[in-house]
Structure formats: C-alpha cells, structure tokens
Amino acid sequence: METKRNSVLCKIFISLFLILLCIFAYLGFEAWRFLSIPANKEAKAFPVEIIEKSSLRTICALLQQKGIISDGLKFELYTRIKKQGNKIQAGTFLLSPAWTPHKILQELTTGSSLLYKITIREGLPWWEVAKLLENQGFCYATDFKKAIFDKEFLHKKNIPFQNAEGYLYPDTYLLPKPKNITEKDAYKIASRLIDTFYLKTTTLKENKNYITILNSPQKLNELLTLASIVEKETRLEYERPRVAGVYYNRLNKNMILQADPTVIYGLGQNYKGQLLTKHLQDKKNPYNTYQHLGLPPSPICSPSFSAIKAALEPEKHNYIFFVATGIGANHTFSTNLRDHNNAVREYRKNLKKVN
C-alpha cells in the first residue's frame with residue numbers, strides 16, 4: 001500500500017515538474033522571441049516624445065501604442081530586470097519598430113533626444129536670429145536678447161562688447177526643441193553659437209596679426225565690424241577681400257565709408273525695406289556712415305568666416321569706390337569718382353534692361 005502511494009506521489013511530482021518545465025520553456029521562448037524579434041522589421045524610425053516625469057508603465061504603454069514594441073508589459077519587466085527604469089530620459093527620440101527592445105532601451109537611456117536642424121544665414125542681425133529661433137520653437141526672442149546682452153555671460157565668453165553681435169556664428173545647427181521653453185534654453189543656444197564662432201575661426205590664429213587683434217578689444221571690434229560690413233555688401237566670396245580693401249583705403253584717406261548696410265542696422269527693427277534720403281541725412285543714427293567718419297560703433301551682423309578672413313587679409317589695391325553691376329551679384333570697382341559715376345550709370349541702365 002505504501003509502495004503504491006509513493007508511486008502515485010512520484011507520478012504527480014514528475015507531472016508537476018514537466019508542467020513547470022513546459023511553463024519555463026514557454027516563458028523562455030516568449031522572452032527570447034520578444035527580445036530577438038522587432039515589432040516590425042520593415043518599419044522606419046520616427047520621433048517619439050517621452051514626457052518628463054512619466055512613469056515606466058506609462059512609457060511602456062506609449063511605446064506599445066506607437067508600435068515601437070510589441071508588448072508593453074514585457075518591456076516593463078525587461079527594463080526592471082535590467083534596472084534601467086529610472087534612467088530613461090525625457091525628450092523626443094528617433095525610435096524604430098525595426099529595433100530590438102535592447103536597442104530601444106539603450107537609446108532611451110543613453111542616447112540623445114532628437115535634434116532639429118536650423119540654418120542661421122550669414123548677415124543676419126541679432127534680432128533676426130532671435131526671431132528665427134523663436135519661430136522654429138527653440139527659445140523665446142526676448143530671452144535670447146537678454147542672453148546676448150548679459151554682461152556676466154559676455155564676460156564668461158570673452159566678449160568685451162555690449163552684446164554678442166558679430167559672434168553669433170552663421171551655420172547649420174542641430175539643436176533640441178524643448179517642450180517647455182525656459183530662459184536657460186536661450187542661454188544654451190547663444191553659448192552654442194558663440195562657441196562655434198571660436199571653433200570656426202581657430203585657423204585664423206595662423207595669422208600673427210589676428211593674435212594681436214584678439215588681445216585688443218578695440219582692434220577686435222574694428223575687425224568684426226569691418227567683416228560684418230563686407231558680409232552685407234557682397235555675397236561673392238572672391239569679392240570680399242577686394243571690398244575690404246576698398247574700405248581700408250577709404251579709412252586711410254579719412255573718407256566717409258558711405259555703407260548703406262550700416263545705416264539700415266542703425267534703424268534696427270524699424271527699417272521697412274527702403275532706405276530714404278532722410279535716413280542718410282540722420283546724424284542721430286550712430287551707424288550712419290554717410291554722416292560719421294570711421295567705422296560704426298560695433299558689428300552690424302555676425303559675419304561668415306570668409307568675410308572675417310577678408311577683413312583680416314584685405315586685397316591691396318587703389319580702389320575707393322564700388323557699385324553693383326546690375327547683372328548678377330558682382331560689382332564694378334573704381335579708383336576715381338569719374339569712373340565710379342560711369343559705373344553707376346551702367347548699373348542703372350542694366351537695371352532698366354532687367355525690369
């Protein structure tokens with residue numbers, strides 16, 4: 001009787017063991033399948049926003065809803081086993097259903113949130129840069145203005161001027177877009193633009209004159225101011241050293257610069273797209289180079305590398321005038337007023353042909 005009972009218990013034990021073995025095998029297979037097989041091998045990556053302070057369960061449910069993972073509960077369990085739940089970052093990430101859960105978790109915990117492209121064109125004044133950044137959702141224009149006029153911030157960035165005009169390097173950037181924009185975002189972006197200026201102009205240090213200029217706030221201001229004028233006067237890189245040479249010649253001869261872009265900058269955001277005689281005659285405008293000798297007080301935009309290099313290494317010649325040809329973007333350069341007036345007449349004639 002005892003033997004029979006032991007035999008029954010043995011069979012029950014074996015049965016339970018086999019059942020448990022089957023369960024573990026099934027769970028193991030499910031775990032392997034979940035971790036090895038993406039939710040959709042053919043899908044492409046797309047942006048997914050992880051909201052700050054979201055719970056792990058909420059995040060997993062979102063990923064399942066978006067189709068990034070096949071099972072939110074399994075992903076939550078996997079994340080807890082890996083002890084990565086508190087390391088998932090907030091932000092917008094580029095995630096793909098074609099990735100394994102391991103790669104998805106890795107991206108959420110160690111990757112960078114999605115970056116957006118923004119191009120800051122050469123020749124923009126600071127308020128246009130601020131407007132562009134605000135329109136594309138990177139920061140508020142008022143915060144950006146505060147940052148680039150912040151004396152303490154400028155001091156940390158080794159800028160000895162009243163604002164960062166001239167240092168907001170024109171380039172294409174990849175920047176994060178904050179969900180809730182704060183003042184800090186503006187400072188971060190301003191810092192990025194200024195750091196890029198220093199990075200991009202490093203090679204200019206090969207010119208000994210540039211080293212001397214860097215150690216003199218006044219000379220640095222003059223260099224960037226002239227470079228900003230050159231930037232606004234011509235978009236043709238090969239012309240820039242020649243244009244810089246014209247302005248150096250005028251400065252050396254104690255001639256007024258008569259640069260329209262400086263007058264426009266002085267008008268600021270009040271400029272409506274047409275430069276009038278009253279604007280050229282306005283002596284109250286400190287940037288009016290028709291009324292004031294020498295360079296204007298500060299840069300009128302953030303110049304490109306080629307414009308800065310042109311101002312640092314101007315072409316040596318005898319030209320003191322230049323005017324657009326009216327055909328294409330190039331200019332006619334003259335050494336005397338008679339030739340310049342002829343070039344102006346030619347310019348007006350060409351404009352009539354075009355119109």
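1. The buried residues of helix H14 are Ser 306, Ala 307, Ile 308, Ala 310, Ala 311 and Leu 312. Buried means under 20% relative accessible area, exposed means over 50%, and partly exposed lies in between, with a 1.4 Å probe and protein chains only. H14 covers residues 305-312, and six of its eight residues are buried, so this helix is largely enclosed by the rest of the structure. Among the elements that cover the buried residues of H14 are H8, helix H9 (208-214), helix H10 (217-233) and helix H11 (240-252). Helices (H or I, at least four residues) and strands (E, at least two) are DSSP runs, numbered from the N terminus.

2. The model is a predicted one: local features need pLDDT of at least 70, side-chain atom pairs count only at pLDDT 80 or more, and totals for chains, interfaces and linings use all residues. Residues are numbered from 1 along each chain as its sequence is written, and side-chain values use heavy atoms, with hydrogens and water left out.

3. For the protein as a whole, the secondary structure comes to 15 helices and six strands. Of its 355 residues, 40% are buried. Contact means heavy atoms within 4.5 Å. Among contacts between residues at least 6 apart in sequence, 64% join residues at least 24 apart.

4. Ser 228 is placed in helix H10, one of the helices listed above as covering H14. With 0% relative accessibility, Ser 228 counts as buried. Not counting residues up to four places away in sequence, Ser 228 touches Pro 299, Ile 300, Cys 301 and Pro 303.

5. Next, helix packing. Two packed helices are described by the angle between their axes and the distance between the axes. Axes are lines fitted to C-alpha atoms, for helices over the stretch in contact, and angles run from 0 to 180 degrees between N-to-C directions. The axes of helix H6 (residues 141-149) and helix H8 (residues 183-200) come within 8 Å and cross at roughly 55°. H6 and H8 are therefore oblique to each other. Angles under 35 degrees count as roughly parallel, over 145 as roughly antiparallel, 65 to 115 as roughly perpendicular and the rest as oblique. The crossing of H6 and H8 is right-handed. A crossing is right-handed if the near helix is turned clockwise from the far one by less than a right angle, and left-handed if anticlockwise.

6. Which residues of H6 and H8 meet? On the H6 side they are Asp 143, Phe 144, Lys 146, Ala 147 and Ile 148, and on the H8 side Glu 183, Ala 186, Tyr 187, Ile 189, Ala 190 and Leu 193. By class, this contact has eight nonpolar, no polar and three charged residues. Ala, Val, Leu, Ile, Met, Phe, Trp, Tyr, Cys and Pro count as nonpolar, Asp, Glu, Lys and Arg as charged, and the others, Gly among them, as polar.

7. The largest nonpolar core has 55 residues, and those that touch the most other members are Leu 133, Phe 144, Tyr 167, Leu 168, Ile 189, Leu 193 and Tyr 247. A nonpolar core is a set of buried Ala, Val, Leu, Ile, Met, Phe, Trp, Tyr and Cys residues joined through side-chain atoms within 4.5 Å. Ile 189 touches Leu 133, Phe 138, Cys 139, Phe 144 and Leu 175, leaving out residues up to four places away in sequence. A second, separate core of 17 residues includes Val 48, Ile 68, Trp 99 and Leu 108.

8. The axes of helix H3 (residues 72-81) and helix H4 (residues 101-110) come within 11 Å and cross at roughly 65°. The crossing of H3 and H4 is right-handed. Phe 75, Tyr 78 and Thr 79 of H3 make the contact with Pro 101, His 102, Ile 104 and Leu 105 of H4. The residues of this contact divide into five nonpolar, two polar and no charged.

9. Two residues have a phi to check. Most residues other than glycine have a negative phi. Asn 254 has a positive phi, near 60°, and Gln 258 has a positive phi of about 55°. Asn 254 is found in the loop between H11 and helix H12 (260-267), and Gln 258 lies in the loop between H11 and H12. Asn 254 is exposed, with a relative accessible area of 57%, while Gln 258 counts as partly exposed at 34% relative accessibility.
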